[in-house]
Amino acid sequence: MKPQHLLAVAVVVFAGAARAADPACSAYTGPHTTALVELYTSEGCDTCPPADHWLSSLFSQGFRSDQVVPLSLHVDYWDYIGWKDPYAKGEFSVRQRRLAAMRRPVLVYTPQVLLQGQDFRRWSSDDFAEQVARINSRAARARIALAIRAMEPKAIRADLSAMLFDPALRKNAAVYLAAYENRLASEVRAGENRGKRLEHDFVVREWIGPIAFGESLKLEESRALPLLPGADPKNLGVAAFVQNRGTSEVLQALMLPACPGS
């Protein structure tokens, strides 16, 4: 059997297994590449609210979840100027710096948009839609399936399955899993945004990864992603992506909003 036929069989088998095993609240990627959009932002940054609004509006602009997976990662390095961002995590600051270190010049700033793991400054222009279309036109190099097994008071229980199509990618490929929350808001009482009400969507609340593939092209994980008190289940979801840790390139991405009754 030719290699391309083997690949096709693997895709069909993986998709069939996902359909057979998944509960009602599940999703899996298709034959083309979905773009990962990471916004590095902070409530302590007075130039960030327009970018926050832009990220929140992507789906109302007409983009679909099989085209883009938006994630908002709040960094903590602006907390010192007067307002502590309640959604910031030091690990997101570390991730931003680590990805920036792979490029020259090294760029770390807010608001910063990374598109498919690379700095993208033209996010508010028509260039964004053009770049997303280019990414979507590429054949997928990885497949992801997600299922939410339960929404508990303190955690989302999710199942993740990922498969690489090219063995050459296995060494540097890793999977990341995130719980995100929509419709968050803060009344900012200090700092550059003092007196403003800031609203956010797709805010990453819990982050797991990198998870390496090891010796196999397929990876399966069942994880509990902790939730903060008061999280509203209807505003929650999970996202996953496969990334090349050597180049920062994102191979595939997927998001799954929590389903009613899950």
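This is a predicted model: local features need pLDDT of at least 70, side-chain atom pairs count only at pLDDT 80 or more; totals for chains, interfaces and linings use all residues.
User: What is the handedness of the disulfide of C25 and C259, and which parts does the pair tie together?

Analyst: The torsion about the S-S bond of C25 and C259 is about 80 degrees, so the disulfide is right-handed. C25 lies in the loop between α1 (3-21) and β1 (26-28), whereas C259 lies in the segment after β14 (250-257), so the bond ties together parts that are 234 residues apart in sequence. The names of these elements follow DSSP runs, numbered from the N terminus, where a helix is a run of H or I of at least four residues and a strand is a run of E of at least two.

User: How should I read burial for these cysteines: is C25 buried or exposed?

Analyst: Buried means under 20% relative accessible area, exposed means over 50%, and partly exposed is in between, with a 1.4 Å probe and protein chains only. By that rule C25 is buried at 3% relative accessibility, whereas C259 is partly exposed at 24%. Two further cysteines are buried, namely C45 with a relative accessible area of 4% and C48 at 0%.

User: How many helices and strands are in the chain, and in what order do the 4 strands of the open sheet stand?

Analyst: The chain has 4 helices and 14 strands. Two strands are said to pair if DSSP finds at least two bridges between them, and 4 strands form an open sheet in the order β1-β6-β7-β12, with antiparallel pairing. Its edge strands are β1 and β12 (218-226), each of which pairs on one side only. From one strand to the next the twist averages 15 degrees, where axes are lines fitted to C-alpha atoms, for helices over the stretch in contact, and angles run from 0 to 180 degrees between N-to-C directions. Within the sheet, β7 (residues 155-164) pairs with β12 in the antiparallel sense over 9 bridges, and A162 stands opposite L219 in β12.

User: Which residues is A224 in contact with, leaving aside its neighbours within four places in sequence?

Analyst: Contact means heavy atoms within 4.5 Å, and with those neighbours left aside A224 is in contact with A155, I156 and R157. A224 is found in strand β12 and is partly exposed at 33% relative accessibility.

User: Where are the cis peptide bonds, and which residues other than glycine have a positive phi?

Analyst: Most residues other than glycine have a negative phi, and most peptide bonds are trans. Here a cis peptide bond joins T110 and P111, with omega about -10 degrees, and P111 lies in the loop between α3 (90-100) and β4 (112-115). Another cis peptide bond joins G209 and P210, with omega about 5 degrees, and P210 is placed in strand β11 (residues 203-212). As for phi, Q116 has a positive value near 55 degrees; Q116 lies in the loop between β4 and β5 (118-119) and is buried, with a relative accessible area of 6%. F202 also has a positive phi, near 60 degrees; F202 sits in the loop between β10 (197-200) and β11 and is buried, with a relative accessible area of 6%.

User: What radius of gyration does the chain have, and what percentage of its residues count as buried?

Analyst: The radius of gyration is taken over C-alpha atoms, and the globule rule is 2.2 Å times the number of residues to the power 0.38. With 262 residues, a compact globule would have a value near 18 Å, and the chain has 18 Å, which agrees. Of the 262 residues, 49% count as buried.

Methods: Residues are numbered from 1 along each chain as its sequence is written. Side-chain values use heavy atoms; hydrogens and water are left out. A disulfide is a pair of cysteine sulfur atoms within 2.5 Å.
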